[in-house]
Amino acid sequence: MKGIALKIGKSSKLPIVLLLIGIIIFFTVLSPAFLSLDNFLNVFRQISMIGIAGIGMICVMLTGGIDLSISAQVTLVNIVCAFMMVNMGMHPVPASLVAILITTLLGTFNGILVAYGKLIPLIATLCMQNMLKGLSYIISKGQPIFGFPESFKTLGQGYVGAIPIPVIVLIIVAVLGAVFLNKTYIGRYFYCIGGNEEATNLSGVNTTKVKVLAYSVCGFFSGLAGIVWLSRVNSGQPTTGNGFEFDVISGIVLGGVSILGGEGDVLGAILGVIVIGLLNNGLTLLNVGEYYQLLVKGVVLLLAIGMDSFKRNFKKN
Amino acid sequence: MKGIALKIGKSSKLPIVLLLIGIIIFFTVLSPAFLSLDNFLNVFRQISMIGIAGIGMICVMLTGGIDLSISAQVTLVNIVCAFMMVNMGMHPVPASLVAILITTLLGTFNGILVAYGKLIPLIATLCMQNMLKGLSYIISKGQPIFGFPESFKTLGQGYVGAIPIPVIVLIIVAVLGAVFLNKTYIGRYFYCIGGNEEATNLSGVNTTKVKVLAYSVCGFFSGLAGIVWLSRVNSGQPTTGNGFEFDVISGIVLGGVSILGGEGDVLGAILGVIVIGLLNNGLTLLNVGEYYQLLVKGVVLLLAIGMDSFKRNFKKN
Amino acid sequence: MENNNILSVQEIVKEYPGVKALDKVSLDFRKGEIHALMGENGAGKSTLIKVIAGAIQPDGGVIYMDGKKVEAMDTKISKDLGIAIIYQELMMVPALSVSENVFLGSAVRKGVMIERKEMDRRSRKIFEDLGIKIDVRKPVGKLTVAYQQMVEIARALSKDARILIMDEPSAALTEEEVQTMLQLVLKLKEAGVTIIYVSHRLDEVFQITDRISVLRDGQYITTLNTKDTDKTELIHYMVGRDLNETFPARNCRIGEVGLEIRNFSGNGVKDISLSVRHGEILGLGGLVGAGRTELAQLIYGLRKPETGALYLDGKQITIRSPKQAVRCGMGLIPEDRKQLGLLLDFDLQENISLPSLPRISKGIMISKKREGKMAQDQQTALNIKTPSMKQKAKNLSGGNQQKVVLAKWLGANCEYLIFDEPTRGIDVGAKQEIYKLLNQLAEEGKCILMISSEMEELIGVSDRIIVLCEGCKTGELTKEEFSQDRILSMASGT
Amino acid sequence: EEPAKSDALATPQGTGTDKDTAAPAAGQENQNGEKGSYKIGYTIQDLANPTWAAKIQYITEMCEELGWEVAAVDNGADSGKQITQVENFVTSGVDVVVVQPADANSLTDVSKKAHDKGIYMMADGVSFPEADLSYINDNFTVGKMVGTACGEWLNKTFGEDAKTEVAIYEWPSIKECIDRVDGMKEGLKETAPNAQVVASASAANVTDGMSNAENILQAHPEVKAFMCFGDGGALGASEVLEAKGTGADEVGIFSIDGTDEALTKIKNNTPFKMSVSLGSPKGQADGIMEALKALLGGSYEEVYYTPNEVVDSSNVDEYLK
Ligand SMILES: Nc1ncnc2c1ncn2[C@@H]1O[C@H](COP(=O)(O)OP(=O)(O)OP(=O)(O)O)[C@@H](O)[C@H]1O
Ligand SMILES: Nc1ncnc2c1ncn2[C@@H]1O[C@H](COP(=O)(O)OP(=O)(O)OP(=O)(O)O)[C@@H](O)[C@H]1O
Ligand SMILES: [Mg+2]
Ligand SMILES: [Mg+2]
């Protein structure tokens, strides 16, 4: 705990932490329902899917790439896993594993397109997004698939003590992700590639393979997020996940992950995602209408990143 | 004409031109309705808004930025211009001009955020998108605004000879854009900033101001696109423009505009946009269902950029 | 093939569009020798090194390591064979720490986990051996070029290589640091490491190498035993004609004070006053980190000074941005040409015309004719070696790139020029040309402020020298007072 | 008490028994007895949909008059987001959550949470199993009304034996719209068996409606009718036909929603022939308010249906204000 506090003080996390504190104070003052363990657990459960998929996205973005197809991967996981359980009578566990395997392979395919095929990540994964979306519709014929075994709900809706299981999954995933990115040499390769791909390659690192790996990891976490999602909503829907990639990307970029690659970490990303989650939650608690929510969210985020940028540039001079 | 042909042969346009030809042959064989002047004019009219806004987006992307708020700018223009005409009884011409002025100013504001405020373009303009969307909803209360003066239709629905006016607007804008980017030194500055901002700054270019200008230009063209759009649909809708930024960005990136800045041109961008327009058109002519359209579009675009990338890398070795 | 050849290349060919970078080059390197690779800018030295490293694939030819043919060399194989390389271009990951960069691609690890403490410890040790104080936890991006170069050297040293290839490792270093490094190189040689050394500094080459091979225009010319040759002969082989390696004389007609700063502080420098007269070259000396680049940034409007005033021809002017500086007739040749001097993906013509665009335009329309002519003129004037001015800047050799940066400012007709390490990484021939150019510019009455870490250059070219140490001005020397010892003692603040 | 029959035509259906089994007892007593002020959380699929937006607007106004509070949010047809919103409503302590479900099967868990806290769950548009009260429309029937009207018009205009071509605007990612389209096809088949659906495209807004109409007419110039799941796409098709100068008797457009914009077109003798009104936004709002009052009053029916009324040139003036 002290370690983290120190780290925050030293690193560039200060602005986002301040923002977080600011938001919490603001909403606490205005809404009595806001500051409660219950509500915070709510928020955490709500952001858990974004957070889980975010961990994968960090990997890709560190290498200087991006994966817009994660939303469609989530959709596909929803449909495929639901289909296997309902139409093929599979047990939830193998069905989930197969679904995650599929997105991991899809991620790998994205990686191959980008690393070996040298396609522009933005466009390649956008194409994949379209294809996977189409595929999900075709499999489901546009209809929701529901009626899962009762046990399947546990992952998305269950609790361990007072803590929702998705939150626990998120925490585990985040810790693993942080260790992976910080402490393993493969994680460091992601940073190296984003920072200077040529230099990394010249140092004898097979940057192509490492990049593929980043996308596979991303696929894996999208799959996991998709399963948690499915279990939470308890019905496989072809519209699930629309726009999800944007939530994920904007959250982690707010938390300091650079779209140019080479910069960012799990802690920051999670903080960024939490900020967005709290904003959504707080504004609803305050009974701010949808229209005004858009406006307010825009202004708050703008102020937030403005403050951050100001800090950074102020320090420089 | 020969000049363009030569240019295409020499430059990197070959793959996208081949793709275009491939698509045309493919649909011509399968659908008798495809290959006709009428249909092509149709397609051009359909893509004209994307093309017009695309010209502005090129400017921003050349400098290494991006403007996700263009969709919301289009929405705002729709609502504000409609509001001025219907609720305030303004004449279409001043109403349009005021609306375009507003988006130009909004673009300038984006530019200030990015250039002076040093905010990350992706996030800053995403915030703006939210805010402007919220604003449009608030102004319109979610209701369409309709009942414009009859004359207003001309811009979006009229013809000069056989050619739809939006197409003419697109052509004029594209030619102006091409000249601006290719032949003027300010256009060159956009490229230079994307190529190496610091070096450009050291060479005595006020990169900050030039970047602001790029966003202003982008705002201007979003405004123009919005007015054409409003005139075409003849009703100001608060949903207009949702997802528009994606169409624009994917079209021009397909046409070779780099998301890293410094690369791309108007001709390529327009070709990219046309490819997407023809795909949409051809697939509908063939009565390919929504689900399968997504799949097919994904595959075709992937093949297209794959071919392009293959060519590029093949040539290198 | 001789037994004691550790590495040999046979008939290596590498062609780029319009350039034969390597034309059937064959060379042997003996175990445990220090072998210099010499040649003008663009001779093909770096290309040969990249072929050996497996960073680029040759169009023809064979590489033998320990007498065995190496099929399809790549970076991984060369690393495994014990070849370590210091590239001419800095190969850094800016956001990562010094020690992670030192161990880039070969992190110390236990299983999949990296051992950060161990890496820090080992890199600290390497820097100690090099006699350099550096915070190994600091992100490399925060270091100046000189320090990054040190990191590059440390990286090669960390590898316990059998063959160490150094492509202009000294280009960014000061005399003192070069000496420390050379001592280390000699120590490595004693330990049996083979060293291939590329440098444009003849002194270094004669000081440490055993043999010297010369390339010219992509062709192998000859190999000489260092002790059997001298500078004149070597230069003859390199440039294909005789050239004496002294500083060209100049009849200086020094005029009025042109550029003057009074009491500049901020950006790491403290209370600096200096003035440059028309027709004068003012040298700015000091050790790495003395704050010379920072001072140049202040003058050029890139950073805001906290105090102080700037006068151009007696008029006080506040310069807030490079744009204003350029408008007032200033030009800056930055020390890091790749990051700050050039648009690498743009062609030479576009690079050269950039500062002059408004001037050569009709209204806002660029006149392609004038632009082309301007580039052509500069190519002739500076003898830039390239098949075409439409070549991308990144495809030029280091020396020619530097000429392009110079061409930018010469084309812009600047009155006050700041040169930050103008001959870094430039061959003898080109150096001479640049010295001549400096003289010529001075004769035209321009004010020139030249930052240089090469003592001889500083003394040979300047009319007056100012020395900085830790951001403060520690001395000023007139031509008669020039001496290496005095400058060094001022630079180190003693 | 039985909700008074309003002109909203909100007709209570069902057994008429008090639903105190499902009704949360705890919430009822403290909220019913003491405060006359209620908080309502409303999550709707798309707040940019003019009908829905207007409906919410009316509801908000009516609630304000009563001193109630309404928070309306947009779930974008995303079931995950919807659950989040309901959770947030539950946390903020509303009395009723009204849901226009993005997915009727995904609300089990949150509904339980709501019920545990004594909060009512109400369905708008589409029912879901845990809803205490449903205010719904029957999408298949509505679709069938469109199909029937279209078939009758085709028969009348081109004769019963004519092999006419028909295009459909769908939105296949939403179940309710799929039901509507199924109903359209059925209605058309029953009334005009010779008519053939030659094209279907997804068009939810005016812009897509226009592009698709242009493309469809290119491929099938003989298309005589457009059946649309909503007024958005239909308005686009109408815009294209009007611009082409197509006469009102040449092509017909049939749609659902009954928005003012559509009704204006119907009145002005354009190809736009009819739109099924699901009650004017005001009427719907009235219906929902009645249902809400009944629900909060503790005596309510399980299901209330929206009115489905064909609006065409014969009765358009009654609906246009
Ligand atoms: N990627 C490339 N594309 C095209 N030409 C290239 C490329 N790399 C090098 N060249 C050309 O090959 C030639 C040899 O370049 P090289 O970098 O090997 O020279 P060098 O001897 O290292 O020069 P310097 O001393 O300036 O570093 C030059 O003419 C250069 O322009
Ligand atoms: N030990 C060090 N570790 C890291 N950075 C250092 C160290 N010492 C100095 N620096 C950096 O170097 C800067 C000064 O370097 P600068 O490039 O201005 O010197 P210079 O005199 O221009 O030298 P040169 O141009 O020869 O590299 C300092 O502001 C500081 O940021
Ligand atoms: Mg070289
Ligand atoms: Mg320096």
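**Exercise 1.** Which residues come nearest to ligand 1?

*Solution.* This is a predicted model, where local features need pLDDT of at least 70, side-chain atom pairs count only at pLDDT 80 or more, and totals for chains, interfaces and linings use all residues. Residues are numbered from 1 along each chain as written, chains are lettered from A and ligands numbered from 1 in written order, and side-chain values use heavy atoms, without hydrogens and water. Start with the 19 residues around ligand 1 (a heavy atom within 4 Å). Among these, Asn41(C), Lys45(C), Ser46(C), Thr47(C) and Asn395(C) come nearest.

**Exercise 2.** Describe the polar contacts and cover of ligand 1.

*Solution.* Look for pairs of N or O atoms within 3.5 Å. A polar backbone atom of Gly42(C) is 2.8 Å from a ligand 1 oxygen. Side-chain polar atoms follow: Gln88(C) has one 2.8 Å from an oxygen of ligand 1, and Ser397(C) has one at 3.4 Å from an oxygen of ligand 1. Next, take the area: ligand 1 alone exposes 640 Å², of which the protein buries 87% (Shrake-Rupley method, 1.4 Å probe).

**Exercise 3.** Check the length of helix α11 of chain A, then its cover.

*Solution.* Helices are DSSP runs of H or I with at least four residues, numbered from the N terminus. Now the cover: 23 of the 27 residues are buried (under 20% relative accessible area, 1.4 Å probe, protein chains only). Just after α11(A), Asn234(A) takes a positive phi of about 60°.

How values were computed: Buried < 20%, exposed > 50% of the residue type's maximum accessible area, 1.4 Å probe, protein only. Helix = DSSP H or I, 4+ residues; strand = E, 2+ residues; numbered from the N terminus. Polar contact = N/O pair within 3.5 Å; in protein donor to acceptor, adjacent residues only side chain to side chain.
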